[in-house]
Amino acid sequence: MRALLLAAGSGPPRQAASVQPTRMAQAVTVAGWWLLSLGLFAGMWEVAWAFGWADPLLLPPPHVFLRNFADQAQFFVSSDVVGEESSAGALRSLAMTVVASSLRVVAGLLLGFVCSVTLGLLIRYFKLLGNLTLPTITLLAPISPIAWLPVAIFIFGIGNPPAIFMVFISLFFVMTLSTISQIDSVSRTYLNVGAIMGASRRQLFLHVIIPAILPSLFMVLRMNLFGAWMVVLVAEATGVGSGLGQIVMLARNTFNSSLSFFTMTLIGVTGFLFDIALRQIQRRVLFWVPPSAVGRL
Amino acid sequence: MNPPLVICSDVGKAWQTADTPVVALEGINLGIARREFVVFLGPSGCGKSTLLYLIAGLEQATSGTIESGGARVTGPGTDRGLIFQESSLFPWMTVGENVTFGLKLQGVAALERRQVAAGLLRKVGLGDVAHKRPDQLSGGMRQRAAMARALALRPEVLLLDEPFAALDVQTRSKMQQFLVEVWRDSGASMLFVTHHIDEAVALADRVVVFTARPGRIKSVVPIDLPRPRDPRSPAFHALSDHLTDLLRDEVDRAFAEQERVR
């Protein structure tokens, strides 16, 4: 992350070198609390196991489900078929599975973000379009993405498209409505400045409204990231044939609790890394938003 | 004698609230000459800012007409610049980009814009800040950048809506001196809204005193003190006392009305 930050250093000059030690110290402190928090959680689990309170068959402690890495990884298949034993290296097939799920999330989020923001802008730009579409969108928005799953399979069958569609749909309506409400709450002063400077309606949208609403839209995107992960797992578990969701389903069907917890760990770490990545993108693209509003770890 | 640059003829503004119509302005007749510095003075809520927005073309009068440079005002135009009370620079642009935003909209090339920005920023006493972000400037510097942005379009009249209200006293008096320089230099007319009596006396050729709501012109007081003006001189005090007397009843009435509304 640090390397990315330095490599892409297009923003303003960061803190001077003299402040570095305190930032280092801060990072160490944060890392310390992380270790302590995780250690406490895992430790309690291990203690429960050691005293025999947690049945190792149902709730295997971390050292058990993380121990035999290759044993777990055999279930992660580098091809798109689950059920056969993996022939490729353990690490490679594991990575392939995580990447497959991640790409679905990324594709769905990207499509959803671009389409919904565009639609939101068009709705506010062309009043007629708004009148025609808004009632329907408002009605469709509260439908749980899970309810769209059969529709996704009806339309797209099996494979990547239904999973991507699910992520897309989980974001689309929320984001469209959010774009509209953000446009409506753009500061009066900014709009007045645009008008005074002689901006046409098109210029007002392009140069004032879009940059003004982007920061909050990015926040909405980040909030929906975890939702997207939730939805992609459900889609994979039912109709895709590969990915982390399929492994979860496999663990359930074969009563493999170790595999289940192992996959959960993977999902947690991947989701967390996604959030960090989004935050970094946010910091690059929305350089004018103060870091406190972006959120720290 | 040239005709006035800005002419308000019998201007009124009213709006409908949930239960009653509110009359903000009524029967405003006023002419502002070229290169004249006019201050609108009145209690809060008297409609002086509303009149400024009507002249800017951001709102429409409900009666009467406003002319600027011989043409009827129906909307905003680049002949009238406006400087807002709060910081109005776009946070997603550098200071330089903010200053030349109007030129960008007109399709002026980037290189020329950069040169113009540098020149304008120097003119308002800001040195090498074109590449900085607005939040890296102090409040006074931000208002000066906003001034540079308004001047970039070479307006004939600059409308200022309590531009120094958020600044501390020391910065405020510096900014006043500085505004007078900009005014002389640019050759534009100034229309300045404030509720500070001393600020009005320090700046104006003429002070237009407003009544409490509905806003009418109570009195127009010429300030014929030579510049630079010394706020401790007896003549300054005499004028300031005179305006205070004019305003006292209006402030009391405005206060009473606010209490009643609450």
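User: What share of the contacts in chain B with a separation of 6 or more is accounted for by residues 24 or more positions apart?

Analyst: Such residues account for 71% of those contacts in chain B. Two residues are in contact if their C-beta atoms, placed from the backbone, lie within 7 Å. This is a predicted model, in which local features need pLDDT of at least 70 and side-chain atom pairs count only at pLDDT 80 or more, while totals for chains, interfaces and linings use all residues. Residues are numbered from 1 along each chain as its sequence is written, and chains are lettered from A and ligands numbered from 1 in the order in which they are written.

User: What makes the radius of gyration of chain B agree with that of a compact globule?

Analyst: The radius is taken over C-alpha atoms, and the globule rule is 2.2 Å times the number of residues to the power 0.38. For 262 residues the rule gives a value near 18 Å; chain B has 19 Å, and therefore agrees. Its C-alpha atoms fill a box of roughly 55 × 45 × 45 Å along the principal axes. Buried residues make up 44% of chain B.

User: Why is A:Leu273 called partly exposed?

Analyst: A residue is buried if 20 or more other C-beta atoms, placed from the backbone, lie within 10 Å of its own, exposed if 12 or fewer, and partly exposed in between. A:Leu273 has 13 such atoms within 10 Å, so it is partly exposed. This residue is found in helix 12 (residues 257-285) of chain A; helices (H or I, at least four residues) and strands (E, at least two) are DSSP runs, numbered from the N terminus.

User: Which residues of helix 11 of chain A are buried?

Analyst: In helix 11 (residues 244-253) these are A:Leu244, A:Gly245, A:Gln246, A:Ile247, A:Val248 and A:Ala251. A:Phe255, which follows this helix, has a positive phi near 55 degrees.

User: How many strands form the open sheet of chain B, and in what order?

Analyst: Six strands form it, in the order 6-7-8-3-9-10, with mixed pairing. Two strands pair if DSSP finds at least two bridges between them. Strand 6 and strand 10 (217-222) of chain B each pair on one side only and are the edge strands.

User: What pairing joins strand 7 and strand 8 of chain B?

Analyst: Strand 7 (residues 157-161) and strand 8 (residues 189-194) pair in the parallel sense over five bridges. In strand 8, B:Phe192 is the bridge partner of B:Leu160.

User: Into which domains is chain B divided?

Analyst: Chain B is divided into domain 1 (6-79 + 155-261) and domain 2 (89-154), with bounds that come from an automatic or database domain assignment. Their C-alpha centres lie 26 Å apart. The contact takes 13 residues from domain 1 of chain B and 12 from domain 2 of chain B. Helix 6 (residues 169-186) of chain B gives the most to the domain 1 side, with six residues.

User: How many residues of chain B are in contact with chain A?

Analyst: 16 residues of chain B are in contact with 13 residues of chain A. Helix 3 of chain B provides the largest share of the chain B side, three residues. By class, that side has 10 nonpolar, four polar and two charged residues. Here Ala, Val, Leu, Ile, Met, Phe, Trp, Tyr, Cys and Pro count as nonpolar, Asp, Glu, Lys and Arg as charged, and the others, Gly among them, as polar.
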